[in-house]
Amino acid sequence: MPQTINQTLPRELLAYIFEVGLLQEQSGGNLGNDVDHEDVGTHLEFPALVSCVCKHWQDVALSTPTLWASVNVWDWTALSWLQKRISLSKESPLDIQVELSEDMTEMPEDVMDLLAAEARRWRSFDCTFQSDIAADEILSQFKGIRAPLLEKLTLVDDSTSEFSSFYHPPTIYELFDGQGSLPKLRSASLWSVPLQWEKNPFQNLRELELCYMSDSAKPTLAQFLALMQASPQLEVLLICNGAIRPVELEDMPDWTSASPKSVCLPSLVALTFTDFDSPLLLCRTIRLIDAPNLKHLGITDMYEDGDGDATDFSSSIEILTSGEDGRSGSRFPVLESLKFAHIHSPSPDVLDRFFSSLTRLKRLHLIFPRVPYADDMDVPHYLLPFASRETRQRLGRPPLPEQVICPVLEELTIAARDPEDLIWEFAQTRKSLGHPLKRILYDNRGANELAPGIPSHADKSLETEITEYEESDASTSDSSDDEEGSDLDEEDWNDDSDDAEEDDDDWTDEDHAW
């Protein structure tokens, strides 16, 4: 019987094809074996799948250690299968993913012991758990561990992340074996994970996420500064719901006064602050970070206070208008991408100063609430610095010394109620000044099903592509890797509601066109 091509391929080439197939599956590619997440328990992973084709493929697969070095632990994972997989991986670096559902109140027997015993081979460790018992069983195993090959660490406690300010004081865990135990770690993501910051094992990071920690589990001011100083080459930083104990920030001097020495992060290019519950804490956290080469900034999802009212975070924008040590100009002078979501506009003077200082801004992303307490005037306020001299004069605003604000701006993304007239005038003004935008994306927010859309005379003469989009696709308009897109408030607008307050005395309804 003639041999088939899969029998005549050299073993090395077939093993390489298997490795490429595994990478394709891990990246979400379609290998004809797609399954829903609910069916993942019956899903045959790629290494096991190719092992079932024929005896030759099985021999090649079982003798290719890298095929078995990606270890997934689910609720139903059997210890015997896990032991076999780790054995087949031989000495290959391990990429471990642990995902336990809320029904799994504890780790499968001896699983964490088995994984911890292989810590010397960890290359990545991604663990998500949804119960306090599982959290204790997993995190307690990290004490004293040294992981010399570990490059990426993700620990997510989903059982408390949405209620971190309200649950009882957490157990504090000591992760790894202190400084020097993670020499290759470059990315750390900690969500609701309380650790002993005085024994911080993180240094020389490139990416860091600190999210949803209870107030008592957050680092002190000194510990936060030490954490930043230990990673002077940090490139991406995400701070969600605060990263410093509030009492320490509250004891800082007012932001206009002398402040503690900020930490300089010259390599930081992407910075996101999200879901803070206090404008004061946000402003004082911003003051602590000196990032002269920052290119992407996001201040997002500052929704409401405990009474359900909109909280005014506009003071955070005023902070951005003063450089380090109080010098004039932008705090982050080389920004290329900027995203504000659910942030009320500050005074027109502050906005003028802020946008005038952003001479390298290429992408501007503005999201406004769709809930009834939203101030409709926020939208024209944000865009007023870009208005023509004639429009500014009509609204009683002095002309700006710069001929064109943000001269290299290429893209505007805006989500607001009925923004069509505003963005049409915006595009028209940029065109008349000789600096047309390449692209405008807008989301009507579903406020008016009969919204007229962009005027019919918005033709190609604008040299601007104007496209309506759904806010769930907003992340496609921003190249910043630290921004995952915004979780929008899904409250439906009541078109007849009079609840929206307009408390800015400088503007009238007839000025809404700007």
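Leaving aside its neighbours within four places in sequence, which residues is Ser314 in contact with? That was my opening question for this predicted model, and I looked it up before anything else.

**Entry: Ser314**

I found Ser314 touching Ile343, His344, Ser345 and Pro346, once neighbours within four places in sequence are set aside. I then checked where Ser314 sits, and its place is the loop between β11 (296-300) and α11 (315-319). Buried or exposed, I wondered about Ser314? Its relative accessibility is 10%, and buried means under 20%, so I noted Ser314 as buried.

**Entry: helix α12**

Next I turned to α12, which runs over residues 348-356. I noted this helix as mostly covered, with 7 of its 9 residues buried. The buried ones are Pro348, Val350, Leu351, Asp352, Phe354, Phe355 and Ser356.

**Entry: helix α2 by itself**

I wanted to check the length of α2, residues 11-26. At 1.5 Å a residue, its 16 residues should span 22 Å, and I find the end C-alpha atoms 23 Å apart, which agrees. Then I asked myself which residues of α2 are buried. They are Leu14, Ala15, Phe18, Gly21 and Leu22. Looking down the axis of α2, I see these buried residues fall within an arc of 115°, so they line one face of the helix. On the other side of α2, I listed Glu12, Tyr16 and Leu23 as exposed.

**Entry: α2 against α4**

How do the axes of α2 and α4 cross, I asked next, and at roughly what angle? The axis of α2 comes within 10 Å of that of α4 (residues 55-62), and the crossing is at roughly 75°. Angles of 65 to 115 degrees count as roughly perpendicular, so I put the pair down as roughly perpendicular to each other. From α2, the residues Arg11, Leu14, Ala15 and Phe18 take part in the contact, and from α4 they meet His56, Trp57, Asp59, Val60 and Ala61. Sorted by class, I get 6 nonpolar, 1 polar and 2 charged residues in this contact.

**Entry: positive phi**

Last, I looked at two backbone angles. Asn204 has a positive phi of about 60°, although it is not a glycine. I located Asn204 in the loop between β5 (187-191) and β6 (207-211). With 33% relative accessibility, Asn204 counts as partly exposed.

Asp275 is not a glycine either, and its phi is positive at about 60°. I placed Asp275 in the loop between β9 (270-274) and α10 (279-287). Its relative accessibility is 23%, and I noted Asp275 as partly exposed.

Technical notes
Residues are numbered from 1 along each chain as its sequence is written. This is a predicted model: local features need pLDDT of at least 70, side-chain atom pairs count only at pLDDT 80 or more; totals for chains, interfaces and linings use all residues. Side-chain values use heavy atoms; hydrogens and water are left out. Axes are lines fitted to C-alpha atoms, for helices over the stretch in contact, and angles run from 0 to 180 degrees between N-to-C directions. Helices (H or I, at least four residues) and strands (E, at least two) are DSSP runs, numbered from the N terminus. Angles under 35 degrees count as roughly parallel, over 145 as roughly antiparallel, 65 to 115 as roughly perpendicular and the rest as oblique. Contact means heavy atoms within 4.5 Å. Ala, Val, Leu, Ile, Met, Phe, Trp, Tyr, Cys and Pro count as nonpolar, Asp, Glu, Lys and Arg as charged, and the others, Gly among them, as polar. The expected span of a helix is 1.5 Å times one less than its number of residues. Buried means under 20% relative accessible area, exposed over 50%, partly exposed in between (1.4 Å probe, protein chains only). The arc is that of the directions from the helix axis to the C-beta atoms.
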